[in-house]
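Please keep the sequence and the 3D view open as you read.

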Amino acid sequence: MWRRRVFSLFRYFSSEPETPSPPSVYSFLQPSIFAVRKPQCNQPTNQTPKSTSIDNQLNPNLESTLQLSLQENNTDEAWKCFKSLSSSSSLLPSKPLINSLIARLCSAGNDTHNLKRAFATLMFVLETNPDVLDPKSVKTFLISIKDTNGAPAFALVKSMLKNRYFIPFGIWGDTLVEISKKNGRFCDFFEVFNENCRIAKEEKLESLKPDLSACNAALEGCCHELESVSDAHKVLDVMSLLGVRPDETTFSYLAYLYATKGLENKIIELQDLVSRFKFPNKTIFISNLISGYVKSGYLESVSITILQSLKESDQKGLNFLEETYLKIVKGYLDHGSIKDLARLILEAQKLESTSVTVENSIGYGIINACVNNLGLLEKAHNILDEMNILGGSIGLGVYVSILKAYTKEQRTAEASQMVSEMCSLGLELDVNIFDALIDVCMSSQDFESAFSLFRDMREARIHELTGSYLTIMTGLTENHRPELMAAFLDEVVDDPRVKIGTHDWNSIIHAFCKAGRLEDARRTLRRMIFLQFEPSEQTYVSLVNGYMNAGDYFSVLMMWNDVKKRGDKGLKLDHGLVDGLLYGLVKGGFFDAVMEVVERSQEMKIFVDKWRYKQAFMETHKKLKVSKLRKRSVKKMEALIAFKNWAGLNT
């Protein structure tokens with residue numbers, strides 16, 4: 001029943017002259033390695049060749065030598081034996097030897113010389129005695145020559161059919177399809193396909209029946225290469241007679257051909273047929289139909305097809321490939337106008353459901369083809385401008401494609417401006433787009449655009465801000481911009497979506513100290529404490545090192561006093577902080593504080609390198625006398641003596 005439904009529609013199309021297949025030039029075979037011996041024309045038909053006694057003696061010996069050569073992987077010697085056997089005797093070697101020889105010749109990889117030998121062997125055997133040929137040998141050879149020009153493959157299959165060597169189509173058909181597509185030899189394939197199908201029909205050989213993929217390959221060539229309606233219908237007739245059930249791909253090739261030829265009535269019949277088959281996905285069919293319309297310049301039909309398909313898509317959208325959008329854009333730019341393309345997007349947006357993802361929208365596909373596939377970013381801008389002029393609401397997909405192009409080209413200021421425009425229109429951008437844009441902004445040191453984008457993220461009520469926040473803070477740290485870090489942190493500190501910790505403040509303080517901006521570091525510390533973030537050991541390490549580098553040892557003393565207070569709140573000394581405090585306090589001459597640090601470090605079992613502080617004392621206080629200190633402060637004198645005893649300066 002399905003055959004009558006399908007193929008009755010294709011009986012009465014206008015016929016076209018068939019395109020003859022160009023003769024193959026088998027350069028692969030020239031010159032021939034050896035010729036097949038045939039009886040002379042003047043020889044009596046009842047006379048049969050007789051082997052001489054010498055031939056009978058030679059044949060077993062040569063076969064033995066051939067077998068031994070194959071066992072020893074001596075391909076050249078095996079080939080010589082086969083040539084001698086084939087030329088001196090009317091008998092072929094045994095079937096195992098013949099097929100072993102072919103397998104050996106094909107196993108040499110890209111050795112063209114041995115592949116020629118394998119081809120000559122196959123052709124000779126087909127002409128002499130096909131029964132000794134194993135189908136596996138044919139398959140092995142075809143697979144081995146897939147990287148050649150393909151001519152031997154078609155010559156071999158033609159010889160197989162000519163000599164009635166009928167092996168299942170599945171053994172050689174798919175490989176032949178692959179070779180024909182790779183080498184652009186559709187005419188050769190079509191010739192073999194037709195002859196094979198003729199034999200399959202006339203002799204009712206089920207094994208020769210081509211599968212659906214082969215029939216579709218033949219139909220594709222008729223529709224896309226030959227553009228011949230009559231040839232395409234012949235393939236359909238063959239499918240009907242052989243009982244090969246068509247699929248969506250089958251109809252999609254016909255859709256392309258009919259659209260190219262402007263056969264609107266037949267397209268309507270074809271669409272009805274596709275509906276009857278109830279294919280789960282009509283995307284391939286619609287894409288091919290659009291491609292045909294584009295090629296023929298029927299852009300109005302392109303628009304009608306897209307919009308009609310959207311209406312029938314149950315709000316699922318059209319999952320076109322990039323190739324389809326590329327053809328649409330090229331067609332409109334070559335034959336139509338940007339305004340028509342803008343109008344198509346606007347009309348499509350009215351039909352697309354809100355559940356359709358951005359990447360599956362018509363607007364995204366068209367603009368993406370402009371900017372990514374064709375590199376026509378300005379054309380994409382022109383489409384956007386035309387959409388604004390036409391007064392329609394612009395979908396997210398149009399903007400996203402342009403934003404991705406901005407990201408790729410690092411046009412961060414324009415991207416930031418467009419995002420602000422989108423947010424004002426109420427369009428909700430995905431967090432990944434924000435993250436990507438902010439990352440590019442920081443890489444190109446466009447900090448203002450990064451801040452602007454982050455503000456838009458916050459205003460858009462995006463929940464996940466952590467990624468972009470870390471990107472900005474890391475970028476500012478790497479570029480040594482602590483003042484921007486402080487300003488940025490101060491701006492977002494009250495946002496519950498941003499997880500700010502002591503380490504963030506430490507990064508700013510460290511950057512200020514490293515730059516020698518100690519007042520800014522102190523101001524940041526005060527702001528940090530005011531906002532109830534507890535300083536950590538790293539906070540004080542950065543400050544102490546900053547003060548030491550500036551020679552401000554009194555501030556190191558102030559830091560120690562602050563550390564002592566923080567100790568009651570859980571702050572613990574570590575080796576880095578102890579080292580910095582001791583060195584700064586020794587250099588500043590605050591020996592009472594030095595001994596306090598020593599005592600605390602001993603309690604916490606922190607290793608202290610006395611030699612380092614002994615050297616610091618000798619560099620700064622070598623001439624300092626205990627007697628002079630006694631007159632000024634007994635407490636200081638005692639602290640100095642305690643330090644010297646601890647450091648080993650009194651020995």
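How many salt bridges does the structure hold?

## Salt bridges

The structure holds 35 salt bridges, each one a side-chain nitrogen of Lys or Arg within 4 Å of a carboxyl oxygen of Asp or Glu. This is a predicted model, in which local features need pLDDT of at least 70, side-chain atom pairs count only at pLDDT 80 or more, and totals for chains, interfaces and linings use all residues. Residues are numbered from 1 along each chain as its sequence is written, and side-chain values use heavy atoms, with hydrogens and water left out.

K182 lies in helix α8 (residues 169-183), while D147 sits in the loop between α6 (135-144) and α7 (151-162), so the pair ties together parts that are 35 residues apart in sequence. Helices here are DSSP runs (H or I, at least four residues), numbered from the N terminus.

## Helix α18 and its partners

Helix α17 (residues 338-351) and helix α18 (residues 362-373) have axes that come within 8 Å and cross at roughly 150 degrees. The axes are lines fitted to C-alpha atoms over the stretch in contact, with angles from 0 to 180 degrees between N-to-C directions. That makes α17 roughly antiparallel to α18, since angles over 145 degrees count as roughly antiparallel, under 35 as roughly parallel, 65 to 115 as roughly perpendicular and the rest as oblique. L341, L344, I345 and A348 of α17 make the contact with I362, G363, I366 and I367 of α18, where contact means heavy atoms within 4.5 Å. These residues divide into 7 nonpolar, 1 polar and no charged; Ala, Val, Leu, Ile, Met, Phe, Trp, Tyr, Cys and Pro count as nonpolar, Asp, Glu, Lys and Arg as charged, and the others, Gly among them, as polar.

What about helix α16 (residues 322-335)? Its axis and that of α18 come within 9 Å and cross at roughly 80 degrees, which makes α16 roughly perpendicular to α18. On the α16 side, the contact is made by E322, Y325, L326 and V329. The residues of this contact divide into 7 nonpolar, 3 polar and 1 charged.

## The largest pocket

About 730 Å³ of space lies in the largest pocket. On a 1 Å grid over the protein atoms alone, a pocket is an open set of points where a 1.4 Å probe fits, with protein on both sides within 12 Å along at least five of seven lines, and lining residues have an atom within 4 Å of a point. The volume is the space filled by probe spheres set on the points, which are joined across faces, edges and corners.

Of the 27 lining residues, K282, I286, S309, E312 and S313 are the closest to the centre. Helix α13 gives the largest share of the lining, 6 residues.

Definitions and conventions: Helix = DSSP H or I, 4+ residues; strand = E, 2+ residues; numbered from the N terminus.
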